Amino acid sequence: LGIITKAAIATPRRPSSVQVAVVACRSFEEVVESVQTARGALSEIISAVEFLDRDCLDLVTAQHALRDPLQDRYKFYLLLETAGSNAGHDQAKLEGFLETAMGR
């Protein structure tokens, strides 16, 4: 039996650079491919990947009176977030990924 007399909590610092992008996909296979490409291209700065289908996005935009984030309608979407300490570097990496994704 032991008694805890002291506790220390180490929390990471809040990132100084956060970038967000919405990626539209025509098929679920394209979603999987985009996530794999993002993990490779953004590996050290990727902090979140969220998946939405068209029905989900329609519900969110209707419920919160928001407009569609993109001009055209797609079947699937990814919301990507990066977090790091160098805004220029992080933005360049995200833009490089987006150029690769859009080139497919």
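Is Arg 54 buried or exposed? Arg 54 is buried, with a relative accessible area of 10% (buried means under 20%, exposed over 50%, partly exposed in between, using a 1.4 Å probe and protein chains only). Keep in mind that this is a predicted model, where local features need pLDDT of at least 70, side-chain atom pairs count only at pLDDT 80 or more, and totals for chains, interfaces and linings use all residues. Residues are numbered from 1 along each chain as its sequence is written, and side-chain values use heavy atoms, leaving out hydrogens and water.

**Around Arg 54**
- You'll find Arg 54 in helix α2, residues 54-63 (helices are DSSP runs of H or I with at least four residues, strands are runs of E with at least two, and both are numbered from the N terminus).
- Setting aside neighbours within four places in sequence, Arg 54 is in contact with Asp 68, Arg 73, Tyr 74, Lys 75 and Tyr 77 (contact means heavy atoms within 4.5 Å).

**Leu 79**
- Leu 79 sits in strand β3, which covers residues 76-84.
- Leu 79 counts as partly exposed because its relative accessible area is 33%.

**The largest pocket**
- Which residues lie nearest the centre of the largest pocket? They are Val 23, Ala 24, Tyr 74, Ala 101 and Met 102, out of 14 lining residues (on a 1 Å grid over the protein atoms alone, a pocket is an open set of points with protein on both sides within 12 Å along at least five of seven lines, and lining residues have an atom within 4 Å of a point).
- Two or more lining residues come from each of β1, α1 (28-41) and α3 (87-102).

Methods:
On a 1 Å grid over the protein atoms alone, a cavity is a set of points where a 1.4 Å probe fits but cannot get out, and a pocket is an open set with protein on both sides within 12 Å along at least five of seven lines; lining residues have an atom within 4 Å of a point.
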